[in-house]
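Welcome to this tour! Please open the structure in your viewer and get ready to select residues as we go.

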Amino acid sequence: MGMVLQEQYDDAMFDFSRGDFDGAIGKLKAVLAADPAHFDAQLALGMAYYRRGDIASAIAEGHRAEALRPKEQLVHTNLSLFYMKSGDRQKAEHHGLKAKIESWRADAGASPSGAKTGDTPELRMAKPKPPPTVIFPSQPWKKKKVETDTPAPGSQTPDPKI
């Protein structure tokens, strides 16, 4: 039964991709009649109604998808889109914020340490090379200071008897 259900869902998505939203809606409803907990079909049904222009049905189906997975980012993204199209900006912003929060939650739970893609060697940033140590050659044209025992004029000499 599972394979047949998946084939029905795939057929519905093919219709959706061709722009046959009425055909997709019928097939998605058939999938949901066989398995009311089929999340992907429920999510796609809401989007099919939206694309057909039936915003009220899109919102209703979006909330059914939300009941299946209340912490799913895509559910809230779709609901935000549906509400924005219906003119309810407050609810659209509410679901947009929920979608953002769920994306942060997903990012934080992606790895046990909470680290992001920096742990993947192929995505790690290149480290800067250390600056080269420059050794300048001796500069024979410069005169070296020569220490002499004769004091400079005007300076006091230490008394050797002290």
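Start by selecting α4 (residues 55-68) and α5 (residues 73-86); the two cross in a left-handed way, that is, the near helix is turned anticlockwise from the far one by less than a right angle, whereas clockwise would be right-handed. Helices here are DSSP runs (H or I, at least four residues), numbered from the N terminus. This is a predicted model, where local features need pLDDT of at least 70 and side-chain atom pairs count only at pLDDT 80 or more, while totals for chains, interfaces and linings use all residues. Residues are numbered from 1 along each chain as its sequence is written, and side-chain values use heavy atoms, leaving out hydrogens and water.

How do the axes of α4 and α5 cross? They come within 9 Å and cross at roughly 160°; axes are lines fitted to C-alpha atoms, for helices over the stretch in contact, with angles from 0 to 180 degrees between N-to-C directions. The pair is therefore roughly antiparallel, the word for angles over 145 degrees. Now show the side chains where they meet (contact means heavy atoms within 4.5 Å): Ile55, Ala58 and Ile59 are among those from α4, and Val75, His76 and Leu79 are among those from α5.

The contact includes Phe39, Gln42 and Leu43 of α3 and Ile55, Ser57 and Ala58 of α4.

Move on to helix α2 (residues 21-34). Its angle with α3 is about 155°, and their axes are 9 Å apart, which makes α2 roughly antiparallel to α3. The crossing of α2 and α3 is left-handed. Look for Phe21, Asp22 and Ile25, among the α2 residues that meet α3.

Now select Asp15 and Arg18, both in helix α1 (residues 2-18) and 3 residues apart, about one turn of the helix. Their side chains form a salt bridge (3.1 Å, N to O), a term for a side-chain nitrogen of Lys or Arg within 4 Å of a carboxyl oxygen of Asp or Glu. The count by this rule is 9 salt bridges.

For a last stop, select Leu97, which is in helix α6 (residues 89-109).

Key
Parallel < 35°, antiparallel > 145°, perpendicular 65-115°, else oblique.
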